[in-house]
Structure formats: structure tokens, C-alpha cells
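Me: I'm new to this one and would like to go through a few parts of it with you. Could you put it up first?

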Amino acid sequence: MSKKIADAFKNGKAFIAFITAGDPGIEETKKYILAMEKAGADLIEIGIPFSDPIAEGIVIQEADLRALKSGTTTDSVFDMVADLRKETDIPLVFMTYLNIVFYYGYEKFFSKCEEVGISGIIIPDLPYEEKDECESIAAKHGVEVVRMIAPTSEDRIKMIAEDAKGFIYVVSSMGVTGVRSSITTNLEDIIGHIKAVTDVPAAIGFGISTPEQAKKMADYSDGAIVGSAIVKLIAKYGKDAEKYIYDYVKSMKDAIR
């Protein structure tokens with residue numbers, strides 16, 4: 001039985017790691033997820049590669065292209081997760097684009113998520129105003145659609161956060177994913193507005209790459225999300241990245257404990 005998203009936040013601050021499925025190959029993805037869990041990751045986001053990932057910076061765009069070139073399909077990602085579930089019950093969340101889910105078929109996609117033990121999904125290009133159709137089918141299969149909140153107006157934060165499920169993904173800065181040398185958004189205020197309307201955990205992502213940044217973000221919120229920095233290690237070391245990923249994730253988790 002796979003754990004739910006809420007379990008990732010039960011023992012203090014959560015470290016959430018992202019990986020692009022199929023980069024450099026689907027077997028490596030499985031191996032790297034197990035290494036990240038061993039290093040202390042509390043929840044793992046698995047990116048289903050897409051040819052036009054509009055929320056991503058160049059690092060994850062290139063990872064998506066490498067994964068697609070290596071023959072990764074949505075079905076092969078589902079098969080990998082089913083295989084992974086024989087070895088771990090860590091909460092897993094898909095991150096992908098609406099196009100993938102829509103063309104696969106909402107019912108078929110979320111039924112498959114339930115079957116392999118996916119606890120949630122992040123869809124960066126799903127507008128809040130059009131969430132209902134997708135969320136209702138996902139909920140039927142026990143999959144929580146994670147809401148994203150960008151540095152935006154207080155009224156909109158309240159509306160998005162009020163009935164959120166799983167966790168809230170707080171975007172640290174405007175723009176796309178990628179490593180940033182500094183994060184200047186007033187995140188304390190944003191987290192304050194969220195906490196005023198919901199008990200659902202809020203974790204901060206986009207641009208976090210150092211233990212110091214992770215600690216600072218976790219001080220404000222319920223956890224830190226890191227993607228591009230991990231994907232960069234995979235781009236650099238390819239099939240030999242396991243040790244580097246383990247060491248990096250461990251250093252990040254140690255910083256926020």
C-alpha cells in the first residue's frame with residue numbers, strides 16, 4: 001500500500017525531490033528514486049516527459065527531450081512505477097501537462113494512477129478555473145491534484161488555497177523552473193495568507209539549489225522542493241549519477257531537519 005501525500009509531512013519539514021522519468025533511461029529513473037528515498041526524500045515528483053513543457057527552464061526541457069529520445073512513453077512510466085512499488089511505499093506524485101492527461105483519457109489515466117500507487121499530480125498548465133473536470137475524476141481514484149500558487153494577489157491565493165488537497169506548491173519566483181542564485185519574493189506573506197485559510201501543507205519550489213536556500217524556505221513553510229539541481233546532476237553524470245544524487249539529496253534533507 002503506497003503512502004499518501006500527507007504522510008510526507010508527518011515527521012517535520014518535507015524534502016520533495018523531482019526527477020524526469022526516462023532521463024537517461026527508465027531503469028535509471030527507478031534506481032535514482034530509490035537512492036533519493038534512502039537519502040531522506042519524503043516525497044518524489046516524477047515528471048512525465050512532454051515535448052512542450054512551458055513551465056520548465058532549459059535544464060528540465062533538455063531532460064524531457066533526452067527522455068523522449070530514449071523512448072519514454074506515459075505507459076513506460078506507469079510500468080516503472082508499478083515495478084518501483086515492489087520496493088517502496090514512498091508518496092509519489094506525477095508532474096506533467098494537461099495535454100498528456102487529456103489525450104491519455106482522464107478516466108484511464110487516473111485509474112492507472114490508482115492501480116500503480118500514485119498519490120497526486122501537479123499540472124502546471126491547468127487553470128484554476130478549469131480544474132473541476134480533472135479534479136473530480138482524479139478524486140474518484142484517490143489522486144490529489146496539487147494546486148500551485150505563484151507570487152500573486154492575496155484574493156487569488158485565498159481562492160486557490162481554500163479547498164486544496166495533498167499539499168500546495170508555492171512558486172518562489174515568477175518565471176520558469178531553474179536554479180536561482182537568490183530568491184527575493186516575500187514568501188513569508190504568501191505562506192501567511194495560505195495558512196489563514198487551510199491546514200494543507202505548503203511547500204516552496206522553483207529555484208532552490210543549495211542547503212542554505214532549502215533551510216530558509218523550510219523555515220517559512222512545510223517543506224522545500226528541488227528539481228533542476230537534481231536533473232543537472234543527471235545531465236552531468238548520466239548513468240553514473242546515483243552516488244551524486246544520494247549525496248546531494250542527503251545534504252538538502254539534513255539542512256531542513
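Me: Which residues does Thr20 touch, not counting residues up to four places away in sequence?

Reply: Thr20 touches Thr29, Gly47, Ile60, Ala63, Asp64, Ala67 and Val231, where contact means heavy atoms within 4.5 Å. Please keep in mind that this is a predicted model, in which local features need pLDDT of at least 70 and side-chain atom pairs count only at pLDDT 80 or more, while totals for chains, interfaces and linings use all residues. Residues are numbered from 1 along each chain as its sequence is written, and side-chain values use heavy atoms, with hydrogens and water left out.

Me: Ok, and is Thr20 buried or exposed?

Reply: Thr20 counts as buried because its relative accessibility is 2%; buried means under 20% relative accessible area, exposed over 50%, and partly exposed in between, with a 1.4 Å probe and protein chains only. Thr20 has its place in strand S1, and strands here are DSSP runs (E, at least two residues), as helices are (H or I, at least four), numbered from the N terminus.

Me: What joins S1 to S2?

Reply: Strand S1 (residues 14-20) runs parallel to S2, and five bridges join them; two strands pair if DSSP finds at least two bridges between them. Ile19 stands opposite Ile46 in S2. Between the two strands the chain passes through helix H1 (residues 26-38), and this β-α-β crossover is right-handed, that is, with the strands pointing away from the viewer, the path from the first strand over the helix to the second runs clockwise.

Me: Why is S2 largely enclosed?

Reply: Five of the five residues of strand S2 (residues 43-47) are buried, so the rest of the structure largely encloses it. Leu43, Glu45 and Gly47 point one way from S2, whereas Ile44 and Ile46 point the other way. In a regular strand, side chains alternate between the two faces of the sheet.

Me: And which residue in S3 is the bridge partner of Ile46?

Reply: That partner is Phe94, and S2 and strand S3 (residues 92-95), joined by four bridges, run parallel.

Me: Switching to H6, what do its buried residues pack against?

Reply: The buried residues of helix H6 (residues 132-140), which are Cys134, Glu135, Ile137 and Ala138, pack against helix H5 (106-116) and strand S5 (144-149).

Me: Which residues of H5 meet H6?

Reply: Tyr106, Glu107 and Phe110 in H5 meet Glu133, Cys134, Ile137, Ala138 and Lys140 in H6.

Me: What comes after H6?

Reply: H6 is followed by Gly142, which has a positive phi, near 70 degrees.
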